[in-house]
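Me: I am new to this structure and would like to learn how to read it step by step. Could you take me through its features one at a time?

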Amino acid sequence: MTMTNIARIRVRFAPSPTGFLHVGGLRTALYNYLFARKEGGAFILRIEDTDRSRYVEGAVANLIETFRWAGLEYDEGPSKGGEYGPYVQSERLDVYKHHVEQLLQGGTAYRCFCPPARLEEMRKQQEKMKVSPKYDRRCLSLSQREIEESLMNKVPSVVRMKVPDATAIRFQDIIRGEIEFASESLDDQVLMKSDGYPTYHLANTVDDHLMRITHVIRGEEWLSSTPKHVLLYQSFNWQLPVFAHLPLLLNSDRSKLSKRQGDVSVEDYRAKGYLKEALINFVALLGWNPGTEQEVFSMDELIHQFSLDRVNKTGAIFSVEKLDWINFEHLRKKPDEEVLNMLKNELAHSEYNNHTYDDAYLLNVVRAMRDRISFVKDVIDKSPYFFAPPATYDTDVVKKRWEKETPDQLKILAEEFAALENPGKQEYEAALRRTAERLQIADGKLIHALRLAVSGVGGGPGVFDIVFILGTDECVKRIHNANERIAK
RNA sequence: GGCCUCAUCGUCUAACGGUUUAGGACGCAGCCCUCUCAAGGCUGAAAUACGGGUUCGAUUCCCGUUGGGGCUACCA
């Protein structure tokens, strides 16, 4: 029996449904997930759709599907439910209304009837005078009667937070230590918009409290809004959660990771053929490391080793070279049969989708190619000759390896192959070496010519592996083809 | 501009005042292996932004400079 009465750890990922899940979002979600699983806590998904103008149809379904693909299973959230739902903010409007009312009563918030045009004009003036744009609190001095009158006349209004004067707002961040803001630097933030929807600041803090969130783990872009949230917690007299602001993911020029400079959505990487294990592994390492030299992790290993105090502070550039290597590492760990299934799926979506290949054949192809690829679809791209006879012959290789006596030599080799009975890889090799000796040419010369004839290219698995996989008949056919089509 | 924040190889990072000629990984180059291409093995080039302190001793602590980033909406 321990003396601690610390509540069960609860964390959340709270995206707004404005499009596809960003890799930065994936990392934030992952750290939340890893932390929850490591600590035996709960991982909650909450949709922050309070900006109706940016809402994208289908974004939530897409997000949920991406989570499912990535293996980020949430304990509470949309289409799953939970004790503290609903988990979609647009379904919680009455909750926010109620809480804003409370703030109004308590005097830590006030109504503002200023038209947008006035605010804009004011902001322009302030910028011109090089002072930081802030609301001038004109509506703070409205009398009760004036407020009621405007309300009655249905003058559009918002509710603003009343930031206290001359106060230092301090909070602890697990990753960054103590952070302090002067209240003067804070604007009287809008909490409730004129359309009746809350702003992020209000909805987010109210929900975090109501949903018993213990740790707020989010991107660094929220660091400067945190004092506003702290103020809100204080106004409600609520206990502060623990904050952890994650370093940002950056473009190669060190600006905040964005579109226009390459792929940023998880879907893009999924479509390119990256394994979910690789993407997860890679983003986990962007801002965190276990302190050992291990670089390749399964999800379970990440869960066991993850800890927030090994998250670092510097933004990390998302560069794909290492991701490719990690993908290769994860791919090579998969059993042949699993790669086979992925290959069949790739074939179904390739130009060879009207051919059928039997599993035993494809399994041989997989075994021959697995060390040579980073992506399953590379099997098709790098060795199309396993799926159709060569359509062309690499001209550089032809120039280097194809001589005028080559066709005759290959013809003899083909006859030699044809005479073999149920040959294996070794028998093909023996036959070739025998032939080379008989013709008094170097083994290599015949090998290279054979490779070109059956595959059309100069690289790939061992040539006897290729020949064995293709089979005698196919190879003989291809040799004759090559002899006819390669002129020199 | 203001506020906040960050600063080790090209990139991801290790080092929590001394065991450091600053370690690992990706990428890059070379060599070995080899029928080619890979994989694998070995080797190499490559970093503490700058300037002051503190200390017997600073990558590590403090201050400043510079540079980067975030925020500065009735967006999240």
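Me: How many bridges join strand 8 to strand 9, and do these strands run parallel or antiparallel?

Reply: Please keep in mind throughout that this is a predicted model. Strand 8 and strand 9 run parallel and are joined by five bridges; for one of the residues involved, valine 216, the bridge partner in strand 9 is phenylalanine 243. Between the two strands the chain passes through helix 7, and this β-α-β crossover from strand 8 to strand 9 is right-handed.

Me: Why is strand 8 described as largely enclosed by the rest of the structure?

Reply: To judge this, one asks how many residues of an element are buried, where a residue counts as buried if 20 or more other C-beta atoms lie within 10 Å of its own. In strand 8, which covers residues 215-219, four of the five residues are buried, so the strand is largely enclosed by the rest of the structure.

Me: Which residues of helix 7 are buried, and against which elements do they pack?

Reply: In helix 7, residues 226-236, the buried residues are Thr226, Pro227, Lys228, His229, Leu231 and Leu232. These buried residues pack against strand 4, strand 5, strand 6, helix 6 and strand 9.

Me: Which residues come nearest to RNA strand B, and which element gives the most to the surface near it?

Reply: Here one looks both at single residues and at the elements that carry them. Among the 63 residues around RNA strand B, those that come nearest are Ser16, Glu48, Lys256, Gly459 and Gly462. The elements giving two or more residues to this surface include helix 4, strand 6, helix 11 and helix 19, while helix 18 gives the most, with four residues. Sorted by class, the surface near RNA strand B has 21 nonpolar, 22 polar and 20 charged residues.

Technical notes. Residues are numbered from 1 along each chain as its sequence is written. Chains are lettered from A and ligands numbered from 1 in the order in which they are written. This is a predicted model: local features need pLDDT of at least 70, side-chain atom pairs count only at pLDDT 80 or more; totals for chains, interfaces and linings use all residues. A residue is buried if 20 or more other C-beta atoms lie within 10 Å of its own, exposed if 12 or fewer, and partly exposed in between; C-beta atoms are placed from the backbone. Two residues are in contact if their C-beta atoms, placed from the backbone, lie within 7 Å. Two strands pair if DSSP finds at least two bridges between them. A crossover is right-handed if, with the strands pointing away from the viewer, the path from the first strand over the helix to the second runs clockwise. A residue is near a molecule or strand if its C-beta atom, placed from the backbone, lies within 6 Å of it. Ala, Val, Leu, Ile, Met, Phe, Trp, Tyr, Cys and Pro count as nonpolar, Asp, Glu, Lys and Arg as charged, and the others, Gly among them, as polar.
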